[in-house]
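Kindly keep the sequence and the model in view while working through the points.

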Amino acid sequence: MPTPLSDEDFMSLAIAEAQAAEDAGEVPVGAIIVAPSGEIVGRGNNHVLRSNDPTAHAEIVALRATGIALSNYRLLTPEGSCTLYCTLEPCAMCAGAILHARIGRLVFAARDPKAGACGSVLNVMNHAALNHRVEVAEGVLAEECSAMLSGFFRGRRAAQSLQTATSISASDTLTEE
């Protein structure tokens, strides 16, 4: 019998999804959904730019794929509820979808100090008024995921600065003539 994968192993697979997003020019966030049996039933990475869809966050893409795989919007298997692994703390939209899908456990790597809805900015997950609870674990491979996101945005800012400097230089050349 094979050894079951750990949270770190599954998060590494979510990181591979994040890398695929970055390779496509998207913010590097990835997600996978795992059934209680250990089978991966859904995957996703950010697709907002490629699909022109503001809801195409990695978590939503993975939830949609899992719904299709399980033929149900409630992501439950005969063995129980699924676990979602995500490289970044879900936003309010994704946290709401996770609750509606009846995910049983959420494991995320890095906190999102600007839009996180699992305690960083908002606390949508496990709000007292809601009837579904999700076990939440955070910090699995957080440093690696934080570094990936920081590097992406540092590169994006550098590219924008270079583009701005080039535009200014070009306009100076035009005004000198």
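1. A residue is called buried when its relative accessible area is under 20%, exposed when the value is over 50%, and partly exposed in between, using a 1.4 Å probe and protein chains only. Helices (H or I, at least four residues) and strands (E, at least two) are DSSP runs, numbered from the N terminus.

2. The model is predicted, with local features needing pLDDT of at least 70 and side-chain atom pairs counting only at pLDDT 80 or more, while totals for chains, interfaces and linings use all residues. Residues are numbered from 1 along each chain as its sequence is written, and side-chain values use heavy atoms, with hydrogens and water left out.

3. Helix α3 covers residues 58-70. Its buried residues are Ala58, Glu59, Ile60, Ala62, Leu63, Thr66 and Gly67. The cover over these buried residues includes β1, β2 (40-45), β5 and α4, where contact means heavy atoms within 4.5 Å.

4. The expected span of a helix is 1.5 Å times one less than its number of residues. The 13 residues of α3 should therefore span 18 Å, and this agrees with the 18 Å between its end C-alpha atoms. Just after α3, Ser71 has a positive phi of about 55°.

5. Strand β5 (residues 83-88) is mostly covered, with six of its six residues buried. Two strands pair if DSSP finds at least two bridges between them. Strand β1 (residues 30-34) pairs with β5 in the antiparallel sense over four bridges, and Ala31 has Cys86 as its bridge partner in β5.

6. With strand β6 (residues 105-110), β5 pairs in the parallel sense over five bridges; here Leu88 stands opposite Ala110. Together with helix α4 (residues 92-100), these two strands make a right-handed β-α-β unit. Right-handed means that, with the strands pointing away from the viewer, the path from the first strand over the helix to the second runs clockwise.

7. Which residues have the most contacts inside the largest nonpolar core? They are Ile33, Leu63, Leu84 and Ile103, in a core of 43 residues. The elements giving two or more residues to this core are α1 (7-23), β1, α3, β5, α4, β6 and α5. Such a core is a set of buried Ala, Val, Leu, Ile, Met, Phe, Trp, Tyr and Cys residues joined through side-chain atoms within 4.5 Å.

8. Ala159 is found in helix α5 (residues 142-176). This residue counts as partly exposed because its relative accessibility is 45%.
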